[in-house]
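Here are my notes on the model you asked about. Have a look at it first, then read on.

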Amino acid sequence: MEPKLSMSTVKGYPNLPLNDKINTIHFLNASREVVTTFESFGKLFKPVVYDMNGNIEKLHKHYLQDKTRNQFLEDLLVDDVRDKRVIVEPLLWLKRALEMIEAFFTNVLNDASSQEDLRQHIRDAYKCTLQPFHGWIVQEAFSVIYRWIPTRSQLFGCGEQLAENMKYLEAFLKPLREHLQRINNLYSAHNLNSTRKV
């Protein structure tokens, strides 16, 4: 049986040199790809997929209003902070969801025992990323969702397939972390880290 994920086909986020800005459309395209990857986890994950896609579309719509001015995510965010604050929340929630996925993949990659059951990995990832911003009802809903996550071999395969997927997963995570750190720095610099719960 073929695994649900083939990380070798995932383009992911471009490398982000220290002084370079985040290209908005490259970031959005890579984020769409992550959502597609997350979709393969199963139908129960559709609420997360729907939420992430919704935030990506809000950002994309804002980008299209002035592609030149909004070429870089930093400029788009700074302009938004000064003006309407239309994208502050969508980008924040997208970032948090991406942080959960990054934490989950990191947990899987760093699991020396290569356990089949990945529920603890996604539970731990959720607890340290999205859970602090979710109310009780959403937390309960998510606790049902992550019980149905596929096993390691279902997601990543076995033997050589698993080894190859882990190699490409490691390469995928580095630029994702760089993008998330850059966005976190932006939110901290402008004091935008909302603690509002949903």
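Predicted model: local features only at pLDDT ≥ 70, side-chain atom pairs only at ≥ 80, totals over all residues.

1. Residues are numbered from 1 along each chain as its sequence is written, and side-chain values use heavy atoms, with hydrogens and water left out.

2. Helix 1 has 16 residues and spans 23 Å from first C-alpha to last, close to the 22 Å expected at 1.5 Å a residue (that is, 1.5 Å times one less than the number of residues). Helices here are DSSP runs of H or I, at least four residues, numbered from the N terminus.

3. At the start of helix 1, a side-chain oxygen of Asn23 comes within 3.2 Å of the backbone nitrogen of Ile25.

4. Which helices do the buried residues of helix 1 pack against? They pack against helix 2, helix 3 (73–82), helix 4 (88–110) and helix 8 (159–189). Among these buried residues are Phe27, Leu28, Val34 and Phe38 (buried means under 20% relative accessible area, exposed over 50%, partly exposed in between, with a 1.4 Å probe and protein chains only).

5. Leu44 sits in the loop between helix 1 (24–39) and helix 2 (46–64). Leu44 is partly exposed because its relative accessible area is 39%.

6. Thr68, in the loop between helix 2 and helix 3, is exposed, at 68% relative accessible area. Its C-alpha is 43 Å from that of Val144, 76 residues away along the chain.

Note on methods
Helix = DSSP H or I, 4+ residues; strand = E, 2+ residues; numbered from the N terminus. Contact = heavy atoms within 4.5 Å. Polar contact = N/O pair within 3.5 Å; in protein donor to acceptor, adjacent residues only side chain to side chain.
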